[in-house]
Structure formats: C-alpha cells, structure tokens
Amino acid sequence: MKRLLELFVFVAVFNYISASPEVCTNSLIPGAKGDQGETGDEGDLGKVGKNGPAGLPGVPGESGLKGEGGQMGKMGPAGDKGDKGDTGSEGPGGLKGKPGTTCDCGKYRKVVGQLDVNVGKLRNTVKFVKKVLLGLRETEERYYLLVKEPKRFKEASINCKLRGGTLAMPKTSNINSLMAEYISQAGLTGVYIGVQAQSLDMSGTGSYMYADLSPLQAFAAWSQEVELNSTITPATNSSCVELLSTGTWAHVECESTMFFICEFPKSSRRGGGRGTATSAIL
C-alpha cells in the first residue's frame with residue numbers, strides 16, 4: 001500500500017512537469033521554507049561603540065556623615081577693642097604691714113632744700129628764655145610775642161593761629177601800653193593788632209571788632225586824626241588797624257605787609273598752678 005502511494009505521487013509530479021509550457025532550464029527552483037532551526041551559540045562581543053549623549057541628572061543622594069575636624073588654621077588679625085567692662089567688686093583688704101623705721105628727717109630736709117634751689121634756678125632759666133631769647137611780654141593771663149615777619153593782615157592772623165594764639169587784642173590801657181613799649185623797644189613804628197572793621201552802618205561809619213569777634217568795649221586808642229575822620233569808605237580798603245609805638249591806633253590797608261603781635265593764653269597745670277605756652281609759641 002505504501003509503495004502504491006509513492007508511485008501515485010511520482011506519476012502526478014511527472015505529469016505536472018510534462019504539462020508545463022515553460023522551457024526547461026538549469027536554474028534550481030527553491031524548495032519550501034524549512035522548519036526553524038535551533039538557536040545557535042552566543043557570538044563574541046563586538047567593538048565598543050561611540051559615547052552616547054549624557055543622561056539626565058540623577059536624584060541627589062543622601063548627606064554623608066560629618067567628617068572629622070580639620071587642622072587649626074593660622075591666627076587671624078586682632079579684632080576691635082571691646083567696650084570697657086563693669087568695675088569688679090572690691091577685693092579683700094591686705095595684711096597689715098610691718099611698722100616703719102624712724103625717719104632721718106635732717107637728711108631729707110637737705111634733699112628737699114636742694115630741690116627748692118634747683119626749682120628756683122629752673123624758674124629763672126624759663127624767665128630768661130621767655131624774656132630774652134623769645135622776647136616775650138606777659139601779664140597775669142597772657143603772653144605776647146612780636147613776630148618780625150612782614151605779612152598781610154590775613155596771613156598774620158593765620159600765622160598766630162598756627163602758633164596756638166591770635167592777633168594781639170589790647171582791650172585795656174595797661175595792655176595797650178605794654179604792647180606799645182614792646183614795639184618801641186624793638187625799634188619799630190607800628191605793627192598789626194587784632195582789630196578790624198567788620199561792616200558799615202547806614203551813615204557809612206565802620207563797626208570795629210576784635211580778632212575773637214567780640215565788639216570794641218569802652219577802651220579804644222584812636223589817634224586824633226582818626227577820631228576827626230572816623231568814617232570809612234569802602235574804596236580805601238583801610239579797614240585794618242595798626243598799633244603805633246606811641247600807643248595810638250591808626251587805619252592801615254589790609255594788603256600792606258607789616259610785623260605783628262600774637263597773644264597766647266596761659267595754660268593751667270594739674271593742681272591749679274599756671275604753666276607756660278612756650279611750646280605752642282615755638
């Protein structure tokens with residue numbers, strides 16, 4: 001039966017080939033698709049490809065543990081001085097000291113006496129420096145220095161301020177006489193003093209003030225010529241004042257160059273004693 005079936009198939013195939021109009025060629029006709037074969041072994045790794053684009057950033061990780069302390073750095077600059085602290089409580093009293101020895105007063109009296117002599121000599125030396133070397137004059141409250149440097153009125157005022165004083169202001173007849181004698185002994189005829197016209201009133205008369213901006217008080221030593229013609233005209237520019245060796249005051253142009261006198265207040269030491277202004281004057 002099996003062989004009969006094979007024969008039948010063979011005859012059918014032969015008849016199909018014989019009946020085909022196509023010309024027989026040497027080309028092979030592919031057969032039917034076979035069954036899927038078994039999966040082969042895994043091949044070798046291929047070459048490494050190019051780097052792809054960077055991916056998106058990942059989620060931040062958790063904070064790590066705190067590390068150990070590092071080494072101590074260099075010392076920084078000193079800070080600003082702090083505020084003064086509160087006064088502390090009073091401490092306990094100290095132990096009682098040993099009794100002192102008997103003082104040899106005669107010995108110390110000699111030392112104190114010698115110190116008094118030295119202090120007296122020092123005072124005389126200071127007076128010599130003030131009156132002879134510096135040529136100072138003084139009253140109970142002030143020193144006066146004649147500056148032999150020709151300057152304009154404004155320059156003379158600045159010079160006195162730089163020395164620690166002001167242009168001299170004779171506010172009493174005694175001080176005016178002292179300064180006039182000072183000028184005469186120096187062989188001069190007149191110097192600038194700290195008096196100047198500040199403004200003109202409705203009648204054209206000048207209003208005078210001292211260098212400390214205080215007005216002229218009861219004392220004034222104008223010469224007769226000035227008293228007869230006391231009106232100051234703005235065109236003359238004669239609004240500054242000079243003290244003559246005769247003790248009288250006269251008008252002078254502020255742009256004139258003249259010597260001048262400075263005055264200095266006497267400073268006070270600790271304990272109420274009067275000191276000197278020599279360092280400031282120099």
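## Contacts and overall fold

A contact here means heavy atoms within 4.5 Å. The model is predicted. Among contacts in the protein chain between residues at least 6 apart in sequence, 68% link residues at least 24 apart.

The protein chain holds 6 helices and 8 strands. Along the sequence they run α-α-β-β-α-β-α-β-β-α-β-β-β-α.

## Burial and surface

The protein chain has 282 residues, and 23% of them count as buried. Its accessible surface is about 23,200 Å². Carbon and sulfur atoms account for 55% of that surface.

## Helix α3

Helix α3 spans residues 153-162. Its buried residues are Phe153, Ala156, Ser157, Asn159 and Cys160. They sit on the same side of α3, because they cover an arc of only 160° around the axis.

Gly164 follows α3. The phi of Gly164 is positive, near 100°.

## Leu213

Leu213 lies in the loop between β5 (206-210) and α5 (224-228). Its phi is positive, about 70°, although Leu213 is not a glycine.

Is Leu213 buried or exposed? Its relative accessibility is 59%. Exposed means over 50%, so Leu213 counts as exposed.

Terms used: Residues are numbered from 1 along each chain as its sequence is written. This is a predicted model: local features need pLDDT of at least 70, side-chain atom pairs count only at pLDDT 80 or more; totals for chains, interfaces and linings use all residues. Side-chain values use heavy atoms; hydrogens and water are left out. Buried means under 20% relative accessible area, exposed over 50%, partly exposed in between (1.4 Å probe, protein chains only). Helices (H or I, at least four residues) and strands (E, at least two) are DSSP runs, numbered from the N terminus. The arc is that of the directions from the helix axis to the C-beta atoms. Accessible areas come from the Shrake-Rupley method with a 1.4 Å probe; for residues, only the protein chains shown count as cover.
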